[in-house]
Amino acid sequence: MSLIQNSAQNNTVVFEKVFKTYQMGEVLIPALKNISINIPKQKFTMILGPSGSGKTTLLNLIGCLDQQTSGRIEVCGSDVSRLTDDEISEFRAKNIAFIFQNFNLIPVLSAYENIEYPLILLGMNPSERRERTLSMLSSVGLVDHANHRPNQLSGGQKQRVAIARALVKQPGLVLADEPTANLDSKTGASIIELMHNIQEKFGATFVFSTHDPQLISHAEQTFRICDGEILNETTASKGGSQ
Amino acid sequence: MKQLQIAARNIFRNVRRSVMTISAIMVGAIAILLFGEFFMQIIRGLQTNFVIQSGHISIFKTGYFDFGSGNPGAYGIKNYEEVLATITNDFELKPLINVATPTINLFGIAGNFEVEASKTFFGKGLIPVDFNKMSKWDEHNLKYGDVRKPSVMSSVDETHGIVGVGLAKILGLCEKLKLKKCSQIPAKSKKAEANLSARNFGDLGKEDLVNEKVAIEPEKPRLDLLAATASGAPNVVSFFVDEASQQGVKEYDDAFVGMNFKLAQQLLFGRSEKQATGVVLQLNHTDDMDKVRIRLNSIFKEKNWDLEVRDLLELQPFYKQAVGMFTSIFSFIAVIMAVIVLFTVVNTMTMSVMERTNEIGTLRAIGVKRKGITEQFVLEGSILGMIGASLGIILGSIIGTMVNHSGFMWLPPGQAEAIPLRVLTTGVSGIIFSIWLGLVIMATVAAWIPARRASKMKVVDALGHI
């Protein structure tokens, strides 16, 4: 049994010697260099680093949105590099949820419909969909805004909808790419708190990237990344670093 | 269902662009519909004229169609009455036939010696009752009879008949027939007047002259008709013109003489055995031509009759040419419109894909497959096509109805007189559905091109697109 198979039992994400290189014309740009990390199940994990450090690339690989140049990646127990595009889409639909910096809500759908949409992809029956969607709307405190379109919501409200959309299908892994970057500090703090509370409630593995060191106190595990390399890994008890 | 809902909402995200796209499809639908209905009207008008003139199917003695016009008498059908009886009593043919009638086609010279005028004519010997019934044929409900009174042949007197308006003008019958808008023939010289009696056809070919019983009727203008009999001798009959009627095609109108079948028999066959040069069948429905033709050939083979069957397309080659020409023009216009729709929808959907690249990335990240993205945009293109085509069909139908009630007159190709400008609005559900479906398919195909590109985007690139 390999190392990756052993570690996969306790970890949602396992990276083993992962490289990612982009080609810009004739120039090769290394985005990630020899990354080997384990992200434990049901933890609130933060990837911290400055702009251009490789946070988003790392999240994209974890979220199966992109493929590594070399190395092995296992997400939720599956070696995703072996899956076809359709299989990866199905895998994402079932196991992975995203919370984006720009919220990325579907503008023609109401808050309710945005939250409901991932459940439709899973083929859930309408009554269960409705129950779960209303429950999520309630969890993020937006029941009164159920019929509002994204352009009728504030930044914080949009992000709450995005969080509800991510968690409604009860995924194994939630990835948040700088979820507070487009919010003021107060709203940002409340969003992080909300994410934390929901993560505890649903027991999902949360991975979020940020360049804001002040948010480190919210993380149970932190990876510092710079120039495509993991500088250090910190495991903290709830509410502070160890 | 959600996909349909999203597609419908996306269409109205950029209202101006969607309205422009729908307008382009709508204009395409209107143009194709109106052109199609207009061409259909022309084609059906031509068909109606030709069917009234010569029926759907003619039965000739073998060889008549190719060589008979040189000597029609030589290709007479001796047993035409038996042929007619067989056809009209056939259980399969009977319900399909409106009129079955013997006919004689002949050529000769018509003279009006009062004005010293003569002209070669094309004569048709017809049974008046049958001719009058044939004149009322209107399968396509064009109602030309409302604006153009059908000709009526007298069945009382065998010597009476009708001529084309063109021939009436040429032979100086305008005044006597009280024709409107009829230019008078130039006045004859006194010298010519003096020689008039000497040049009367009545002095010619006395061998087969059989019109002794014809009484001169002063009220109706008289023509002398000269033709060669089956034996080659010249023969003359007197013919009284009851009325002049438009025959549609000018060349035909300038030569047409519609005479009683018996008079035509006298002229063409003289004292010899009376025959017919053809048997004309006018069917209730044009679509039955092939069925009738097959049945007739089967009967003739069974009876061992030396007869040939010719249908409308062979009898009236102009009709076939006109159908071909209009079909080509219509196809060309339809292709042009389809290409315009194609480019418009491609442009719209390409813009939409560009604007929604980030959204495509989001949907893919959530778990929508490539196929789902393609379907989303294709559905939007289809909806645009459906809305545009439906509105176009509705508006086109309204315009068509307005045109039909406008009272505008026009002179279609091959016609001798102006008829109301109309487009065919009845019995065109097949065309309407084809146009609607064609445009929707075109819009769908047009949307598929950018949709496919959208679905092939890399998720990270799409998400990173601003």
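B:Val241 is found in strand 6 of chain B, which spans residues 234-245. The model is a predicted one. In it, B:Val241 is buried, with a relative accessible area of 0%. The contacts of this valine, apart from neighbours within four places in sequence, are with B:Gly161, B:Val163, B:Leu173, B:Leu177, B:Lys220, B:Pro221 and B:Leu223. B:Thr159 stands 82 residues away from B:Val241 along the chain, and the two C-alpha atoms are separated by 8.7 Å.

Chain B as a whole contains 16 helices and 11 strands. It has 466 residues, of which 54% are buried. Contacts between residues at least 6 apart in sequence were also examined; in chain B, 79% of them join residues at least 24 apart. The accessible surface of chain B is about 21500 Å². Carbon and sulfur atoms supply 61% of that area.

Helix 12 covers residues 317-355 and includes B:Ser352. The relative accessibility of B:Ser352 is 7%, so this serine counts as buried. Beyond four places in sequence, B:Ser352 is in contact with B:Arg17, B:Phe377 and B:Glu380.

Helix 13 covers residues 357-366 of chain B. Nine of its 10 residues are buried, so the helix is largely enclosed by the rest of the structure. The buried set begins with B:Thr357 and also holds B:Glu359, B:Ile360, B:Gly361, B:Thr362, B:Leu363, B:Arg364, B:Ala365 and B:Ile366. Charged residues are included here, among them B:Glu359 and B:Arg364. Just after the helix comes B:Gly367, with a positive phi of about 130°.

B:Glu116 belongs to the loop between strand 2 (97-112) and strand 3 (117-126) of chain B. Its relative accessibility is 31%, which makes it partly exposed. In chain A, A:Lys17 has a positive phi of about 50° and is likewise not a glycine. A:Lys17 lies within strand 1 of chain A, residues 11-24. With a relative accessible area of 56%, this lysine is exposed.

Chain A contains seven helices and 12 strands. Its radius of gyration is 18 Å, close to the 18 Å that the globule rule gives for 242 residues, so chain A is as compact as a globular protein of that length. Along the principal axes, its C-alpha atoms fill a box of roughly 45 × 40 × 40 Å. Buried residues account for 52% of the 242 in this chain. Of the chain A contacts with a separation of 6 or more, 70% come from residues 24 or more positions apart.

The accessible surface of chain A is about 10700 Å². Carbon and sulfur atoms hold 45% of this surface. The side chains of chain A include 22 positive and 24 negative ones. The centres of the two charge sets lie 3 Å apart.

A:Asn60 sits in helix 2 of chain A, residues 55-62. It is buried, at 13% relative accessibility.

A disulfide is a covalent bond between the sulfur atoms of two cysteines. For A:Cys64, the closest cysteine sulfur is that of A:Cys76, at 8.0 Å. This distance is too far for a bond, given a cut-off of 2.5 Å between the sulfur atoms. A:Cys64 is buried, at 6% relative accessibility. A:Cys226, by contrast, is partly exposed. Its relative accessible area is 26%.

Conventions:
Residues are numbered from 1 along each chain as its sequence is written. Chains are lettered from A and ligands numbered from 1 in the order in which they are written. This is a predicted model: local features need pLDDT of at least 70, side-chain atom pairs count only at pLDDT 80 or more; totals for chains, interfaces and linings use all residues. Side-chain values use heavy atoms; hydrogens and water are left out. Helices (H or I, at least four residues) and strands (E, at least two) are DSSP runs, numbered from the N terminus. Buried means under 20% relative accessible area, exposed over 50%, partly exposed in between (1.4 Å probe, protein chains only). Contact means heavy atoms within 4.5 Å. The radius of gyration is taken over C-alpha atoms; the globule rule is 2.2 Å times the number of residues to the power 0.38. Accessible areas come from the Shrake-Rupley method with a 1.4 Å probe; for residues, only the protein chains shown count as cover. The place of a charge is taken as NZ of Lys, CZ of Arg, CG of Asp or CD of Glu.
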